Amino acid sequence: MELADTLVGDFDVADLLHRLVQHVADLLDVDAAGLLLNDHRGNLQLLASSTEATRLLELFQLQSDEGPCLDCFHTGRQVAVPDLQAVVDRWPRFVPAARECGYLAVHALPMRLREDTIGALNLFSASVGAMPPRDVQVAQALADVATVGILQERAARHREIIVEQTQAALNARVTIEQAKGLLASSGLGMEAAFESMRQYAESGGYRLADTARNLVEGRLRPSEVTSVSRTSKQ
């Protein structure tokens, strides 16, 4: 199955989640499925839905800030609602909206790895009744595999950002040393050269690395830097 691709390399997260809701709706005794995912700012977003009605209902759930899918995400636990009409007091806005879409029962499953809950997989039924336990197990297993894949992708992206930032810092340090050498050749010591460059950057609101790069690449004359340093001492 395509979900196995999340464990072996590069994959499309958006495509994965759309395939997940379609597979769940096709495999299990449910009429539709939707998926909410937590973004990097801590906000739930609708990522996939198997039908247009489900998409609208999930968006309504987010806008009204109530419903089984939100409760599932916030608690990290499954929320089983075999008869929505019986819990109208709990979700007074969501239940009528769900029934208007033709859904009478909902089962929400957390997308969770240990204590980290990143979203919820939501299964909608047009008939009253609890989901068979085996169907719940299958749906949770699929959600778990997708969760591992998404967290691996996020971790890999985070590692790439750290590597890029580290390499940028190293490159900047080399450029700064080259710029210090240019300034020192005009008669300054290395420490004085660095201080002159720092004062120039600070006085103009520039980044130190950009100032050094401009010196090295000839867009900034050493005399322009040292003149600022001399002025600040007067």
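Let me begin with one residue. Leaving aside neighbours within four places in sequence, Lys180 is in contact (heavy atoms within 4.5 Å) with Arg173, Met190, Ala193, Phe194 and Met197. Lys180 belongs to helix α5, residues 133-184; helices here are DSSP runs of H or I with at least four residues, strands are runs of E with at least two, and both are numbered from the N terminus. The residue is buried, with a relative accessible area of 11%. For the terms, buried means under 20% relative accessible area, exposed means over 50%, and partly exposed lies in between, with a 1.4 Å probe and protein chains only.

A word on the basis of all this. This is a predicted model, in which local features need pLDDT of at least 70 and side-chain atom pairs count only at pLDDT 80 or more, while totals for chains, interfaces and linings use all residues. Residues are numbered from 1 along each chain as its sequence is written, and side-chain values use heavy atoms, with hydrogens and water left out.

Now to confidence. pLDDT is the predictor's confidence in each residue, from 0 to 100. Its mean over the protein is 83, and 83% of the residues reach 70 or more. Helix α4, residues 94-100, has the highest confidence, at 96, whereas helix α8, residues 222-233, has the lowest, at a mean of 68. Over residues 1-9 the pLDDT is below 50, although this stretch has 17 contacts in the model beyond near neighbours in sequence. Where pLDDT is low, the predicted coordinates should not be read in detail.

I turn to the sheet. In what order do the five strands of the open sheet run? The order is β2-β1-β5-β4-β3, and the pairing is antiparallel; two strands pair if DSSP finds at least two bridges between them. The edge strands, each pairing on one side only, are β2 (44-49) and β3 (79-81). From one strand to the next, the twist averages 20°.

Among the individual pairs, Asn38 has Leu44 of β2 as its bridge partner, Leu36 stands opposite Leu46 in β2, and Leu37 stands opposite Gly119 in β5. Seven of the seven residues of β1 are buried. Both faces are covered: Ala32, Gly34, Leu36 and Asn38 are buried on one side, and Ala33, Leu35 and Leu37 on the other.

Helix α2, residues 52-64, lies across β1, β2 and β5 and runs at about 170° to β2. Axes are lines fitted to C-alpha atoms, for helices over the stretch in contact, and angles run from 0 to 180 degrees between N-to-C directions. Helix α3, residues 68-75, packs on the sheet and touches β1, β2, β3, β4 and β5, its direction making about 155° with that of β5.

In the loop between α2 and α3 we find Asp65. Asp65 has a positive phi of about 60° although it is not a glycine. Most residues other than glycine have a negative phi. At 57% relative accessibility, Asp65 counts as exposed.

Next, the interior. A nonpolar core is a set of buried Ala, Val, Leu, Ile, Met, Phe, Trp, Tyr and Cys residues joined through side-chain atoms within 4.5 Å. The largest has 24 residues, and those with the most contacts inside it are Leu17, Val24, Leu35, Met111, Leu121, Leu123 and Ile150. Two or more residues come from each of α1 (13-27), β1 (32-38), β4 (105-113), β5 (116-125) and α5. Helix α5 gives the most to this core, with seven residues. A second, separate core of 22 residues includes Cys69, Cys72, Val106 and Ala108.

Finally, helix α7, residues 208-216, has Ala209, Thr211, Ala212 and Leu215 as its buried residues. Why do they lie on the same side of α7? They cover an arc of only 160° around the axis, taken from the directions from the helix axis to the C-beta atoms. Leu208, also in α7, is partly exposed, with a relative accessible area of 24%. Not counting residues up to four places away in sequence, Leu208 touches Ile176, Phe194, Met197, Arg198 and Ala201. Leu208 and Met197 are 11 residues apart in sequence and 7.3 Å apart in space, C-alpha to C-alpha. Just after α7, Gly218 takes a positive phi of about 85°.
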